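Here is a brief report on selected side-chain features. Please view the structure first.

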Amino acid sequence: MPGGQRDVKKGMIHTKQNLTSIKEVLKKNPRGLSITDISRELNLNRNSIAKYVNMLMVSGDVEMRSFAAAKVYFLSDRVPISTMLDYASDMIVVLNSELKILQANDNFLTFAGKQPQQLHGQSLSSLNLNILKETPLLSWIVSALHGVSHNDEIEWNIEGRTISFQIKLIPTVFENGSAGVTLIFEDITEKKEAAAALEQSEARYRAIVEEQTELICRFLPDGTLTFANNAYCTFFNMTKEELVGHSFKPIMLNSKHERLSHFVDDITPENPVLTLEEHAIPPDNKGDAWIQWTNRALYNDKGVTVEYQAVGRDITELKHIEEQLKQALKEKEKLVESIGNRTRSSFQLIQSLVDLQREYGSGAVDLRILRDTQNRITALALIHEVLAESPDPEQVQIREYTQRLIELIYSTHLIDGEQIVIIQKIEGGLIQTDVAVPYGLILTELLTNALLWGFPEGRRGTVTIELGHQDRSTILTISDDGVGLPEEIDPHNPDSLGLDLVHALTEQLGGTLDLQRENGTSFQITFPCPAQDHGQKTPPLISIRSF
């Protein structure tokens, strides 16, 4: 090596050592040192120290602060620009006026596929990057060298994939006053792809919403429409321009505005969806239109309502069908009521005819037969009266039916109330109509027999009627303390119409008949038909009544 080169190299080494020594001295003195202090610490003349300190200030390693007339020097807390470039997520490259690379961060080195020593001082065009050929980037760089900044997007196809960059070109001036340009490449490919996917998703969603037959709209808390689909516009015969940005309330009937406002106010985060049926003005302003709205509130992260979404379904036809069904039901109820009235009238007519026939009866036997027939008709007629008052046409209140039937039979015989006393022990509940008819006829026959034959020649006594439920059976007991049933009468093989009817009806109910002749007469009918109380425990009602 020639002597001159050796001297230069030694000088560079000496300078580097002195720069390092100054930084070490300043590191040990974080409060700062003056040029004189540093000169004294390193035993170097002040001029040399001043030169080295200026070099460190240019590189950004040292900074100076003035205290009155004194200048104090500290190690810089600033991060060198080269370090900042490497930490940046974007690709950054700095060019001089000759388009030679002065600095490039790691991201740009990776993108260019080069090492630092391969780029520094090299011309940008020597990299042979297609991005310079396929985009207007080179012309933008030239403009930036003349002081014109630029910010734009470019797309570059790499191996079949389109890469998108947001490029910023910043005019740069170096310490020596020369011009340059800083290029910042932000890869926005994923952002663009995500935006495109979102736009496509929104387009699909919008297409689905637009194709719906339901009326769909969105509106702000003050009622201003922000969206309306085609079905909404068609129904109200208005364009989107006429709807969006305006209040949706005028298209509702004026009388419903206040109710609709209260309805929207009732939507809360705990109950964000509510349904409302409302009248609406149809497109032709004729007829009667009904819309069923399902309103949903949309909230921000703080739970504040930002918008409402309403989905309306035209239920006009359903409303008309509902009204028709209601009208048909009313007509059916009237028809049933009319049939019931006619049935009761027919029974009353039959009873009246029997009464007239009794007036023309010629003998006691004929009168008794007519009276028995009248009692049976009374039992049947009473069923229809009780059914007319019952909310369920398939069941009747057994206590009410029994009490009223007893009263009617008792009054038919015109018996002195002090002679025969009726004792009732009847549990409440419901009984099926098809069971109530034979039950009523059995009660009529047995009570009539007790009243006619149990107390001859004014004999005094009591008749006890008990009705209860045990297991899955209903038990009817009619007993009296009268003269008793003659021994020759067999209830299972009777020779009288009344007892024969009782036996047949008991078998019809699938029940059993038991007769006791001690201290009078007691008939007990047990049949598998428990009264139904629908979960209500009704205590037995025991009452003593004399008519």
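## Salt bridges

Nine salt bridges are present in this structure, which is a predicted model. Side chains of opposite charge can pair when their charged atoms come close.

Asp-37 and Arg-40 form one of them, at 3.3 Å from N to O. The two sit three residues apart in helix H2 (residues 35-42), so about one helical turn separates them. Arg-40 is exposed at 59% relative accessibility. Asp-37 is partly exposed, at 27%.

Glu-98 pairs with Lys-100, and their closest N and O atoms are 3.7 Å apart. Here Glu-98 is exposed, with a relative accessible area of 54%. Lys-100 is partly exposed at 33%.

## Helix H13

Helix H13 covers residues 316-359 and includes Ile-321. Glu-322 and Lys-326 also lie in helix H13, four residues apart, about one turn. They form a salt bridge, with closest N and O atoms 3.4 Å apart. Lys-326 is partly exposed at 41% relative accessibility. Glu-322 is partly exposed too, at 33%.

Leu-318, Ile-321 and Leu-325 make a nonpolar surface patch of about 280 Å². Ile-321 has 37% relative accessibility, so it counts as partly exposed.

## Around Asp-481

Asp-481 lies in the loop between strand E17 (473-480) and helix H17 (497-508). Its relative accessibility is 34%, so Asp-481 counts as partly exposed.

Beyond its sequence neighbours up to four places away, Asp-481 touches Phe-455, Arg-459, Gly-461, Thr-462, Asn-519 and Gly-520. Phe-455 is 26 residues away in sequence, yet the C-alpha atoms of Phe-455 and Asp-481 are 8.7 Å apart. A polar side-chain atom of Asp-481 lies 2.9 Å from the backbone nitrogen of Thr-462.

Terms used: Residues numbered from 1 in each chain as written. Predicted model: local features only at pLDDT ≥ 70, side-chain atom pairs only at ≥ 80, totals over all residues. Heavy atoms only, no water. Patch = residues over 30% accessible without salt bridge, like charges linked within 9 Å, V, L, I, M, F, W, Y side chains within 5 Å. Areas by Shrake-Rupley, 256 points an atom, 1.4 Å probe, with all protein chains shown as cover. Salt bridge = Lys/Arg side-chain N within 4 Å of Asp/Glu carboxyl O. Buried < 20%, exposed > 50% of the residue type's maximum accessible area, 1.4 Å probe, protein only. Contact = heavy atoms within 4.5 Å. Polar contact = N/O pair within 3.5 Å; in protein donor to acceptor, adjacent residues only side chain to side chain.
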